[in-house]
Amino acid sequence: MPAAPAETGPEGGGCSDAPETEGTDLVGGKDGVPDEKAVTTPLVVPLGSVKIPIPERETWTRQMDFIMSCVGFAVGLGNVWRFPYLCYKNGGGVFLIPYLLIVFVGGIPVFFLEIALGQFMKQGGIAAWNIAPLFKGLGFSSMVIVFFCNTYYIMILVWGLYYLVHSFTNTLPWATCGHPWNSPECTEVFRLDQCRNSSLGNATSVFNISCEALEKKRSPVIEFWENKVLQISGGLSEPGDLNWQMILCLLVTWVIVYFCIWKGVKSTGKIVYFTALFPYVILIVLLVHGITLPGAMDGIVYYLKPDWSKLAEAQVWIDAGTQIFFSYAIGLGALTALGSYNRFNNNCYRDAYILAAINSSTSFFAGFVVFSVLGFMASEQGVDISKVAESGPGLAFIAYPKAVTLMPFAPVWAALFFFMLLVLGLDSQFVGVEGFITGVLDLFPHPINGFVRREIIAALCCFVCFVIDLSMVTEGGMYVFQLFDYYSASGITLLWQAFWECVVIAWVYGADRFMDDIARMIGYRPSPYMKWCWSVFTPLVCVGIFLFHVVNYKPLTYNSTYVYPWWGEAIGWGLALSSMLCIPLTIAFKLLRSKGSLRERWQHLTTPVWGHHHLEYLTPEAETKLLPPDTLIAVSSEKTTLFETVI
């Protein structure tokens with residue numbers, strides 16, 4: 001983003017661009033080694049220089065714009081299709097115990113850290129780590145992760161748009177057989193409690209078909225999903241042809257995303273009022289309708305029924321931790337970018353708790369919506385709820401579409417559900433793209449041809465993602481999508497990112513020091529509990545879950561039947577390591593490139609690079625400590641001093 005304007009001296013002197021120091025990320029004291037831990041980059045300009053206007057960094061028009069953007073980004077599809085499934089799978093209401101514990105020791109502390117870091121540094125996901133330049137690889141890592149997220153996440157919106165378009169019919173196309181995409185095994189009858197069980201000699205069945213034969217039949221919902229929408233091939237090695245209908249949906253979706261973010265946070269902040277709030281309206285409508293259906297209460301009881309024995313299983317705690325890091329959108333750099341548009345004195349500590357409460361309560365509320373419908377679906381088909389409860393795309397594009405076919409006015413409920421799905425994912429998508437663009441723009445803080453550069457970079461970003469997405473609208477596209485989903489933004493990469501963020505802030509920059517910085521912004525120090533989480537509790541949680549993932553790693557499969565080839569897994573690990581290796585490689589590169597002893601290099605590269613906006617909000621006493629002595633002399637000599645971040 002553009003740098004903020006320089007202050008002008010009393011006689012109207014101007015300023016020029018600050019030169020970069022070759023071979024280093026910051027400018028220190030004498031001999032290139034900083035004397036103080038916090039150093040600015042001074043530039044003394046004589047009076048009468050030509051003034052170069054530098055536009056101010058954008059800020060939210062209203063603080064509620066920031067809240068709505070964070071709600072839109074962090075509250076997404078994972079709250080609707082993943083949390084309810086994990087809740088019933090891991091002991092019902094008992095799952096809330098490990099979930100809430102990890103929210104307070106992992107979710108909120110890192111969520112708050114990322115927002116506060118962006119607000120304090122006034123920079124996006126990359127440049128914000130000038131707070132400890134040696135670890136700027138954290139910024140590059142988060143940009144790689146969010147880029148991959150932006151690339152594959154939009155496919156869910158594409159499928160949702162496709163289903164939405166096909167919902168405007170008298171009879172839903174996935175409700176019946178007889179279509180060109182249906183196979184001879186397609187059947188609309190799935191009452192397993194009324195089939196003829198040959199082993200028991202049951203001759204009083206309503207349907208003259210054996211249970212064994214019925215199990216081999218295929219639902220029209222599954223056939224619509226696999227044969228019509230995905231047109232799925234036999235494996236990753238069979239890419240097949242492009243689906244022109246999906247290409248059209250993909251193009252429309254990317255055009256919508258582009259025009260939501262091309263003008264920056266001024267336009268984004270207005271759009272999210274609709275995209276963040278409208279899904280709640282639809283969820284309430286779906287819940288009111290869902291609880292009136294037969295079997296709905298059985299589904300809700302099944303969702304909440306506690307199984308206390310589950311607390312002794314490690315997998316329950318791992319699922320809770322992984323879900324929190326996913327649903328809170330931690331480690332993607334987008335929260336840092338959103339925080340960077342806040343005013344310096346915004347109370348981000350209060351905002352973090354508000355947003356965490358909204359996120360978790362939305363997940364819990366969505367469970368009632370989902371399981372009221374799944375209870376009805378189980379009742380209609382005569383099966384146990386565990387047979388119809390699914391997670392991920394299986395819930396959105398198989399279980400729920402099947403449920404609406406059993407309802408009166410099915411097309412209306414199908415259209416409402418998929419429109420909610422589209423809007424729910426859309427704000428997460430364009431805020432993620434906004435976070436990536438902010439990180440890229442902050443690498444080039446001076447305008448190029450005015451403000452046209454933002455629109456051009458946004459267009460390039462969307463176009464590159466669109467080209468990559470073409471591999472996901474082929475007949476083998478689902479296998480590519482699952483590779484991106486499982487590896488590029490998986491639990492392993494997000495946990496690795498969150499661990500390093502806490503370590504750098506707490507042990508390199510200093511937890512107490514960061515608490516002081518936050519106090520300068522909000523007027524008081526946050527609870528000491530935050531400091532202990534950053535220093536001890538959160539890193540331990542991240543390491544524990546990370547090791548569990550590595551030890552219990554299983555090869556990737558699709559539908560528990562297709563096993564990915566070795567070269568497919570190699571591509572997946574390449575996607576994961578492309579972000580994870582950014583951190584150690586950047587550290588090694590910077591240390592080898594610097595001069596001096598190892599101690600001098602460490603001191604030099606962990607010295608923060610301040611922006612001039614920090615001086616505006618510091619007290620005179622703190623400013624005296626922050627500025628080098630020669631800069632104070634220059635200021636007193638009525639010379640204009642520009643303090644800007646050196647990237």
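Modeller: A contact here means heavy atoms within 4.5 Å. The model is a predicted one, in which local features need pLDDT of at least 70 and side-chain atom pairs count only at pLDDT 80 or more, while totals for chains, interfaces and linings use all residues. Residues are numbered from 1 along each chain as its sequence is written, and side-chain values use heavy atoms, with hydrogens and water left out.

Not counting residues up to four places away in sequence, leucine 556 touches Gln482, Leu483, Tyr486, Tyr487, Tyr562, Val563, Tyr564 and Glu569. With a relative accessible area of 3%, leucine 556 is buried, a term that stands for under 20% relative accessible area, with exposed over 50% and partly exposed in between (1.4 Å probe, protein chains only). From leucine 556 to glycine 572 the C-alpha to C-alpha distance is 9.3 Å, at a sequence separation of 16 residues.

Helix H17 (residues 477–488) also has a partner in helix H5 (residues 137–165): their axes come within 10 Å and cross at roughly 135°. These axes are lines fitted to C-alpha atoms, for helices over the stretch in contact, and angles run from 0 to 180 degrees between N-to-C directions. H5 is therefore oblique to H17, since angles under 35 degrees count as roughly parallel, over 145 as roughly antiparallel, 65 to 115 as roughly perpendicular and the rest as oblique. In H5, Ile145, Phe148, Thr151, Tyr152, Met155, Ile156 and Trp159 meet Met478, Phe481, Phe484, Asp485 and Ser488 of H17. Sorted by class, this contact comprises 9 nonpolar, 2 polar and 1 charged residues; Ala, Val, Leu, Ile, Met, Phe, Trp, Tyr, Cys and Pro count as nonpolar, Asp, Glu, Lys and Arg as charged, and the others, Gly among them, as polar.

As for the whole chain, it has 25 helices and 4 strands, and 57% of its 647 residues count as buried. Among its contacts with a separation of 6 or more, 84% are between residues 24 or more positions apart.

Technical notes
Helix = DSSP H or I, 4+ residues; strand = E, 2+ residues; numbered from the N terminus.
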